[in-house]
Amino acid sequence: MEVHYLGEHLWAGRLGQIAVYSSLIFSLAAAIAFFRREYGRSEQAGWLQAARIAYLVHFIAVIAIAAILFVIIQNHWFEYYYAWAHSSRELPKEYLLSCFWEGQEGSFLLWMFWNAVLGLVVLWRRPPAFCGVLGVVALVQFFLSSMLLGIYVFGYKIGSTPFALLRHEMQDAPIFQRADYLSFIADGNGLNPLLQNYWMVIHPPVLFLGFAASLLPFAWAAHGLVSRNFTAWAKPVLPWALFAAAALGTGIMMGGAWAYESLTFGGYWAWDPVENASLVPWLLLIAGIHTNVVFNHTGRSLRATFLFYLMGFALVLYSTFLTRSGILGDTSVHAFTDLGMSGQLLIYMASISLPALALLAWHWRRIPTVQQEEEAYSREFWIFVGTLILLLSSIQITFSTSIPVWNKIFGTNWAPPAEPIEHYNKWQLPIAIVILLLSASGLLLRYRKSDVRKFWRQMAWFSGISAVLAGLLEWYFRFANAAAILLLFASLFGVVVCGFLILDHFRRRRTISGGSVAHFGFALLLLGVLISSAKKEVISVNRGPMSLGSSFSEEQNRTNVLLIKGMPVTMHRYVVTYLGDSVAPPNYYYKVLWERYDTASGAVREQFVLLPNAQINPRMGLIANPDTRHYWYKDLYTHVTSVPDKTKQAQRKEPVFTEHTVAIGDTIRLSRATLTVEGIGSAEKREGQQWEEGDLPVEARITIKMDDGRWHSARPVQLIRDLRIFYLDEHLPELGLTIRLARVLPDERKLIIGVEEREPEHDFIVLTAILFPYINLVWLGTIFTILGFVLALLQRRRQYAVAS
């Protein structure tokens, strides 16, 4: 019998699915029309008009899909699986956007949105060969739209729709036999606690903007190959490539900031496979930008520019396969689970990448190149060497990240690196040193030919300054590691050279080179990475003999400190006191007081409270978010690694009392404490208690001396109301005591005190605290790097506008 379900908003899903079909159909129509207009034998205006209309309809469809999905999430329409799986009613409104792109379908939609927007910008600006470029964009949109279909063709599922109904996804559940099933679904599954951070509201959109923007250099390069006009595209593509590098680089570093503020591995980069998958396309984009600049100045490196731009987006597609096929499930904390689209992802990757790379191979010999060898003392020669180093870096990262793929293909059982940071640093640290030296020294050279004596004179001068600075910093920090000292020198060399060039431009009142600013920022960033990583100091040193438990490794036992509520502990130059938790469950903010005293006077020099957050999640265990004290020269980074489960403590049994008959002044000896009855009297009103007229509240005043020397007080109350007796017991979980005023014996001038002893329920946390020296150099270097890209973009746009 068909069930007529109540309260469902089916119209939204139907409209959304219509929009998905429209996006698919009109993106394909736009691709065909754009290609027909660009590469057809006749330049008929009708094809361009048809392409414009089809693309605009596709754009509207994409906006409609996104708007409808957001309405479903915002209104908590849990009849839709996506809303139920990724959101909840208690979720703060600022994190609703994070729900949008937490799932695979939403992140594909975010990617489609940025592709559609950038395509609209290209359509509006109409640069040369824009029809060929937009044809590629529309074709990619066709494949992305297919990822949202959620239909079966000949038994094979194509895509996964964000508008699937919960009762269809869980159709075997008995609840869906009821017409009013929605009345039993009080809330959704909720957003992953790790994603409830403001960085996750802005990091994914910026990262996917970078992914989308990397399509445009690919599209221009592909157009150059298809049209066999191998050179004309190289100038108009450069501003778009710079924009893509700026957006993708910003997104990557925002991810690092999120990891630093939300994860608890104590850093901002862990060489996680998903991090690597976004880094490699950026490295190839950077290489392509440099060879592109070389070609525009000298006519060299055009083949390399084709290769880097095509490989850059091909690696974006490969990273999509890695993160969404489920193949990285055991090696990455960021990867999506497999939705059964692995085959479709492979088809998408192959359909876009392989034809373009095959065309490059076919036309390789036809692509113009300068036959004469480059001068050794020319900028283009060393830029080309630097791009080969970047290519080597990309190959090493990709190979190691792809170990699960090699195991699948070849049936091997290679283990991913057990210590990823050590593994990747072993390869990438020497590469970083070479890149830093090349990126700075290359700016001292000119294109085609340079003044050799002047070059070596400048090299000697800047090297000397850098060596002195490196010596001073080595004396101060004591790196005591040859590779670290070399990286220190190379970073300082980059800062000194690029800083001099920027100041020289200021002095001469010339336009500041975006390249100099970007290289300065990159050198500053790596200097910050070196100092903050190599010289970070764990100050939460467990100096006591007590083990923190079997769940802590030997290393963790040494680097975590137990803080019991109200008991100060010394860490480094601070006295640290856990004050207790705040906010109702499941989210607890643990208040930790930090104080630093003047060694001479004993006065408090600094005092602040940090609030590391943690919750015990039923599905994921302890979820902790760090809290950090920021200084200009360091960060004090803290997070909790163990907390008591307050939900279990709340489920306590009724107390069983042992009664003691005592007079005023008598003592009661317990196993861990001595109680002294100081007196009896009328009880005063307390917070949360109200006396009514006619009430007779009586309290016993008791002093508690613990065997460890601590003193406490207790005031249990016996309330007589309407000839009935109520007990307001004094519950002291941290002492393991519950005390009751059981009876008052006025004729005997005595009291009956009931006492229950249990194991103390210590309110405690286990805390990790790390000092990161000069970590702000990382963020400052990032800002300068991105600023350099933006300056270069604006300069290239002006140059292109003047030339055209």
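Where does serine 301 lie? Serine 301 is found in the loop between α11 (273–298) and α12 (302–324), where helices (H or I, at least four residues) and strands (E, at least two) are DSSP runs numbered from the N terminus. The model is a predicted one, in which local features need pLDDT of at least 70 and side-chain atom pairs count only at pLDDT 80 or more, while totals for chains, interfaces and linings use all residues. Residues are numbered from 1 along each chain as its sequence is written, and side-chain values use heavy atoms, with hydrogens and water left out.

Although serine 301 is not a glycine, its phi is positive, at about 70 degrees. Serine 301 has a relative accessible area of 13% and is therefore buried; buried means under 20% relative accessible area, exposed over 50%, and partly exposed in between, with a 1.4 Å probe and protein chains only. Phenylalanine 154 is likewise not a glycine and has a positive phi, of about 55 degrees. Its place is the loop between β1 (151–153) and β2 (156–158). Phenylalanine 154 counts as exposed because its relative accessibility is 86%.

On the scale of the whole protein, the division is into domain 1 (1–191), domain 2 (195–375), domain 3 (417–535 + 774–804), domain 4 (556–644 + 764–773) and domain 5 (649–684 + 693–757). These bounds come from an automatic or database domain assignment. Taken over C-alpha atoms, the centres of domain 1 and domain 4 are separated by 44 Å.

Now to the sheet. An open sheet is formed by 4 strands in the order β13-β22-β21-β20, with antiparallel pairing; two strands pair if DSSP finds at least two bridges between them. Strand β21 (residues 737–745) pairs with strand β22 (residues 750–757) over 8 bridges, in the antiparallel sense. Opposite valine 744 stands leucine 751 in β22.

A further valine, valine 468, lies in helix α17 (residues 452–477). Valine 468 counts as exposed because its relative accessibility is 53%.
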